[in-house]
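Colleague: I would like to learn how to read charged pairs and nonpolar cores in a protein model, and I would be glad if we could go slowly.

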Amino acid sequence: MGGKENTFKGLTITLKKRKLSINKGDLSHLSDALDEQYLVWGHFDEMTLKYIDTWLKWAPYHTETISLKDEYVDKYNIKAYFPEFAKRNAYQSQGFDYEVWNPHNKDYPFVVTSVINISDEYARNIMKNEERICNAFSRLILECVEEGNLENRWSDMHCAFFPTIGFSDFVLMFKTAELNAVLDIIEILKQKKVGKIPCLSNAYTMIGFRNRGMEKLTEEAVGGIKLAIRFGLKDGVSCKYFNAYFESLMKDKVEKNYGVLGDADFMIVSNMELKQALPLYFDDEEPGVFHPSHDIFKYYIRSMQSEIRAHVPSGYLDDDALYKGREDKNIEEYREEFLKLVDELSYFMLENRIPGRIVYSLQIIMKRFLQLIQSRHCFDMESIVGRAFRNFEKCIEQNIGEINILDDDEKHSNIQEMLEAMNMFREKIGDYLADMQRSDSLFLEGRSLSHPSIGSATKLLFFYNGFIDRVKEYLCPLETDKYSFVVTSGGTDQTQAIDLFSHLDPTVENTHFVILMTVPESSLYDVKSSLFNVLHETLHFCGEREREKRFQFVVKAVCEYTAVAFGDFFERNQIMFFNCILSGLKPYMNLKTREVLARELSTVFSIKTNGLKEKLQRLIQKRIYECLKNKSDNYAFYYGRNVYANLYEILEKEIFYPEVKKERLEYDIYAYFVDYRSELVEEIHCLLRKYNILYSNVKLIVREAKEDGTKIQKERGFNVDLDMGMVRSVINLYFGRDVRNAGSGIFIDEEDENINLSDLLEVLRYLFKECYADCMSGKILSAPEEQFIFSFLTEARNERDAFPTGTLNSLRMIIDFKYLYAIENSIPECVRQRLDLYAKKSAMQREGYIEINKTVDWMQKIINIKGKEERIFALVNPVLEYLEECRVKWDEIGVMENLQELKRLNTYSNMETPENIYDFLHYTADNWTAYAKES
């Protein structure tokens, strides 16, 4: 598998624990035809090595998970990769062997696997020397070979090391018969130091074995290594009864045996050399005593765990060599901060008569965190979660301070919000730490968790966290500490971010944020799509938003849409009205005259209604800005969570329904309507005269219109006629009020029901928020159309869920495609072709679930706005103008220029070529070791 060709090569090591009470029927799957399978001494029972040549074969749907189809109750995947081709060749010239690691080379009895974490000091030393971590680690291993005088046996060890994308840093592996020499190297490696600090934080070593190459087991290779085994007995089987049966099988091979208390019932300590014990595990002519198909498992044994006993050479006491864990003041600082927080919370709970269970639960995850950061390899996790804890403390302190000054009614709801935030923090961070602990080699033998695969991709989570940190540095350089992000995986089908303390006032200067972002496990390895989605969620919190200008564009959208909606309503009303009047004249016209007159009437209505809409827009906009004169200096007024509610309140209480009745906007609207109707009457009267229709009821309407205009000028508030009732009905409809008491018998159709201010503001809130994140992400990453579309498809897995047909999503896609790609109404053929090529490449690496023709047809249905342009443009154009304002501002302050690095990252996150993959892995490794600076 070392290979001569330049390809990506990965290795998935799956550790498996069998269920209790195994029986022969459970073993029908056992086969080594496809992968390398080994029995294992230790907690786990089996180990499988699976070689991969495609990055996405590490995704959950390609890896082994717990299944009802086999007898395993626990599986743990370690995902490691071969160094790139040039490095492999360089390491092989130093005696490492990558050629032997392939599924066809099965001639060695042992695979020794040591899961290794380096220490923070060693990581800092590597960064100080500006050295690649793999080069440094290879040199460290060669030093151990030299110090152990093992050069003559080095080539027979077939050693290779593999960086991982999990919480462990390296997997050091040997395919060999030279077990003693291998264990010597691992022991020397544990003793290596940088100054007085060990290079390794810990190492968890497992020995896999199989019935091959037994002739290579010499005394020098395995002599002195013995076996200890612990048994759990089935119900009703006593130690005395089992001992009699066992001794009859083993005869003189057992040195001593004991009944034990704890997690086992019976233990033997064998005086057998390893070479003698090995055949007992295999199923040759008949199953050996320790093979799962032997009758001993059927009748006596519930579980079995074996352990290697290796001789430890005598040494000397060196006080400097004693590893006492981290002595940083950081740990004590964390402890003191936690104790202070617990005391403050306990007092608060007592004062407010609240059960204190959440405080006890928080202490559990605090202790788990303190336990993990005592290890020197947890510098990465400490940086991420440590910041989250500190922001959590600040949020709690602010929250308690705000609650203490509230009255009892307000206090209760605020307390509930705080408790909800605390519970979510406990749950999410607790699971995150448990997964980290599960993947730590010190705790690798713990019980399985709901998402064990998270731990095996920990460095990907650290990568996304580091990516967010870089974005924060560029977008809000003076406020990076305000935002604490923790990226987790699992438990969701869509990337989402939750601001735990969203109920706190973000305009308060010292407000901090704890944001938990969850990436679906199925998307974690689709780096290109996940980069877009993670950046999208980040931009909901970070980045210059031009809030005052955003408010101006929101006002513009509200005024334009309201004017269009009101104007359309009035137009339909007048068309119905005049159709009734003119219907009696149609029998006196020939067909051609009727057709020409209908077209000219349509033009008249269109021109006059457009004029009315422009007047209404200017009128509403003018009144809004008049009301803002005393409010615009308040920065909090423009904040996202306030601006829409504030605008609604202005429109309702100060413009349409003020306390002084005569100041209501309905009178101005009615006046405009009277003018509009008068102009229509004049134009229609002229048209009828043009076609020699001299006698009609239109003349009467002309007279009435003039009288109405006189009345409205004389006295505002005079209930002129049914038309005023119609105006009031439209306004009531606009605010979701009852239209039946407005004094008008107007007919409300389906289109009229869309005239609702609350719904309108909700649509605008969604569009300004989501399109900002979509489009700025697209600009930052220079994402082509296919990446943008697949960023939605990757998580939803079908076009209907990725692109719903509702109003909100349709408008969102219309804006996104127009702003990013100048696409309107239909997807160009060139984009369809690129999508098809992208989908075919993806199908080679993952489940082929995307049907491009269906996707494109579906999307064209969503973005096609023909016939609906006016209302849609009233909403869309202000958002497009706002997005351009933001981009210009970002250019002015140099944000886009600073983010060029992220564009490069987006380029090699294609993961299509070996160069892409290894560039990404180098970036990930550098990003990970950078956390050592902060520890």
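Predicted model: local features only at pLDDT ≥ 70, side-chain atom pairs only at ≥ 80, totals over all residues.

Colleague: How many salt bridges does the structure hold?

Modeller: The general idea is a side-chain nitrogen of Lys or Arg within 4 Å of a carboxyl oxygen of Asp or Glu, and the structure holds 45 salt bridges. One of them joins the side chains of R132 and D926, with N and O 3.0 Å apart. Because R132 sits in the loop between α2 (120-128) and α3 (133-147) while D926 belongs to helix α32 (residues 914-930), this pair ties together parts that are 794 residues apart in sequence.

Colleague: Which residue forms a salt bridge with R387?

Modeller: That partner is D469, and the closest N and O atoms of the two are 2.9 Å apart. Since D469 lies in helix α15 (residues 458-475) and R387 in helix α12 (residues 379-403), the pair ties together parts that are 82 residues apart in sequence. To judge burial we need the cut-off, which is under 20% relative accessible area; D469, at 12%, is therefore buried, whereas R387, at 23%, counts as partly exposed.

Colleague: Where do K472 and D469 lie?

Modeller: Both are in helix α15, three residues apart, which is about one turn of the helix. K472 forms a salt bridge with D469, with 3.6 Å between the closest N and O atoms, and both residues are buried. Elsewhere, salt bridges that share partners join D120, E121, R124 and R376 into one network.

Colleague: Now to the core: which residues touch the most other members of the largest nonpolar core?

Modeller: The general idea is that, in soluble globular proteins, nonpolar side chains tend to be buried together. Here the largest nonpolar core has 309 residues, and those touching the most other members are W55, F231, F290, M381, F570, L651 and F656. Helix α17 (residues 547-582) gives the most to this core, contributing 16 residues.

Colleague: What does W55 touch, if residues up to four places away in sequence are not counted?

Modeller: With those neighbours left out, W55 touches F8, L460, Y525, V527, M911, I917, F920 and L921. You may find W55 in the structure and look for each of these contacts in turn.

Conventions:
Residues numbered from 1 in each chain as written. Heavy atoms only, no water. Helix = DSSP H or I, 4+ residues; strand = E, 2+ residues; numbered from the N terminus. Buried < 20%, exposed > 50% of the residue type's maximum accessible area, 1.4 Å probe, protein only. Core = buried A, V, L, I, M, F, W, Y, C linked by side-chain atoms within 4.5 Å. Contact = heavy atoms within 4.5 Å.
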